[in-house]
Amino acid sequence: MTADTSRQANPPSPPGPPSPPKKKRPSWLKGVVIGGVVVAALVVGGPFVYINFIEGDPPAELSLDSQPAPGTAATARGAAGGTAYATLDGTWKVASGSQAGYRVKEVLFGQDTTAVGRTSGVTGQLVVSGTTVPSADFTVDMTTVTSDQSQRDSQFRGQIMETSRFPTATFKLTRPIDLGSVPAEGEKRTYQATGDLTLHGVTRTVTISLDAQRAGGQIRAGGQIPVTFRDYDVSPPNIGGIKVEQNGVIEVLLNFDKS
């Protein structure tokens, strides 16, 4: 008998070389990757959460409408026979309730916010003669300007404004203000005040648009001074994900009592 070769199975192929074992990533590398993702999320998302959900809106701009007229008490005194002066002639000194400060845009790790710092450390006076303000000068104590962030205040007093060297900012009127006529009690008017602004030891001539009002025996004035910081040799910080714009404003709200 002959063997039936058609039914004979093909011989098995010899086994190939074993596959190399897959390399496992070190556990520490996985931790580094996860940590990097978390840090990136905090850097991007942290400022967003803080600015939009924790910090809240910045204070309203200083203006005659942002703070009630000193008030009720002053008006009552006038009605009782006293301080609603028939003439404005004389010297008027800066009174309590006056404020000055700054407002500037910041970028915190890509998120826009507004930084606001203020102080009530304002002194000075203005003189009224008939329908003219021939002289006025004001001084702001820069060492007392504060915001809602202590770190920002440290930067402001340190490398930004160097308040140990330049503790004050001043404004001195260099051109008389023409009132046109004596404003009525409670009437608001807008005037242009031109003078020398000294900031960070540098003096520049500026013109301020001031809203003014007679209220309960006081004169009130409020306005903003646009400022380009490099004009005053000021270098806003731009480090570590924090950038401060080169332009900002100085805000003032002044109450005057007749001396």
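Which residues do ring pairs link into a cluster? Ring pairs join Phe138, Phe171 and Phe256. The legends below start from the whole chain and then turn to single sites.

**Figure 1. Overview of the predicted model.** This is a predicted model, in which local features need pLDDT of at least 70, side-chain atom pairs count only at pLDDT 80 or more, and totals for chains, interfaces and linings use all residues. Residues are numbered from 1 along each chain as its sequence is written, and side-chain values use heavy atoms, with hydrogens and water left out. The chain has three helices and 12 strands; helices (H or I, at least four residues) and strands (E, at least two) are DSSP runs, numbered from the N terminus. Of its 259 residues, 36% count as buried, where buried means under 20% relative accessible area, exposed over 50%, and partly exposed in between (1.4 Å probe, protein chains only). The chain exposes about 15,500 Å², of which carbon and sulfur atoms supply 56%; accessible areas come from the Shrake-Rupley method with a 1.4 Å probe, and for residues only the protein chains shown count as cover. Among contacts between residues at least 6 apart in sequence, 66% join residues at least 24 apart, a contact being heavy atoms within 4.5 Å.

**Figure 2. Aromatic pairs.** Rings of Phe, Tyr and Trp (its six-membered ring) pair if their centres lie within 6.5 Å; planes under 30 degrees apart count as stacked, over 60 as edge-to-face and the rest as tilted. By this rule the count comes to three aromatic pairs. The rings of tyrosine 102 and phenylalanine 156 are stacked, because their centres are 5.1 Å apart and their planes stand at 20 degrees. This pair links distant parts of the chain, with tyrosine 102 in strand β2 and phenylalanine 156 in helix α3, 54 residues apart. Both tyrosine 102 and phenylalanine 156 are buried. Phenylalanine 138 and phenylalanine 171 also form a stacked pair, since their ring centres are 6.4 Å apart and their planes lie at 10 degrees. Here the link runs from strand β5 (residues 132-141), which holds phenylalanine 138, to strand β6, which holds phenylalanine 171, 33 residues apart. Phenylalanine 138 is buried at a relative accessible area of 15%, and phenylalanine 171 is buried at 9%.

**Figure 3. Salt bridges around glutamate 251.** A salt bridge is a side-chain nitrogen of Lys or Arg within 4 Å of a carboxyl oxygen of Asp or Glu. The structure holds seven of them. One of the seven joins glutamate 251 to arginine 103, with the closest N and O atoms 2.9 Å apart. Glutamate 251 lies in strand β12 (residues 242-258) and arginine 103 in strand β2 (residues 99-108), so this pair ties together parts that are 148 residues apart in sequence. Glutamate 251 also forms a salt bridge with arginine 118, at 3.3 Å between the closest N and O atoms. Arginine 118 is in strand β3 (residues 111-119), so that pair ties together parts 133 residues apart in sequence. Glutamate 251 counts as buried at 0% relative accessibility, arginine 103 at 13% and arginine 118 at 18%.

Figure 4. The buried residues of α3 are Arg152, Asp153, Phe156 and Ile160. They lie on the same side of α3, because they cover an arc of only 105 degrees around the axis; the arc is that of the directions from the helix axis to the C-beta atoms. The face turned away from the buried side carries the exposed residues Ser150 and Gln151. Arginine 152, buried at 14%, meets aspartate 148 in a salt bridge (2.9 Å, N to O), and aspartate 148 is partly exposed at 48%. Glutamate 162 follows α3 and has a positive phi near 45 degrees. Threonine 163 lies in the loop between α3 (150-160) and β6 (168-173) and counts as buried at 7% relative accessibility. Leaving aside neighbours within four places in sequence, threonine 163 is in contact with Met142, Thr143 and Arg157.

Figure 5. Two strands pair if DSSP finds at least two bridges between them. Strands β8 (residues 188-199) and β9 (residues 202-215) run antiparallel and are joined by 12 bridges. Alanine 193 has isoleucine 208 in β9 as its bridge partner. In the hairpin of β8 and β9, with two residues between the strands, histidine 200 takes a positive phi near 60 degrees. β9 pairs with β10 (residues 218-228) in the antiparallel sense over seven bridges.
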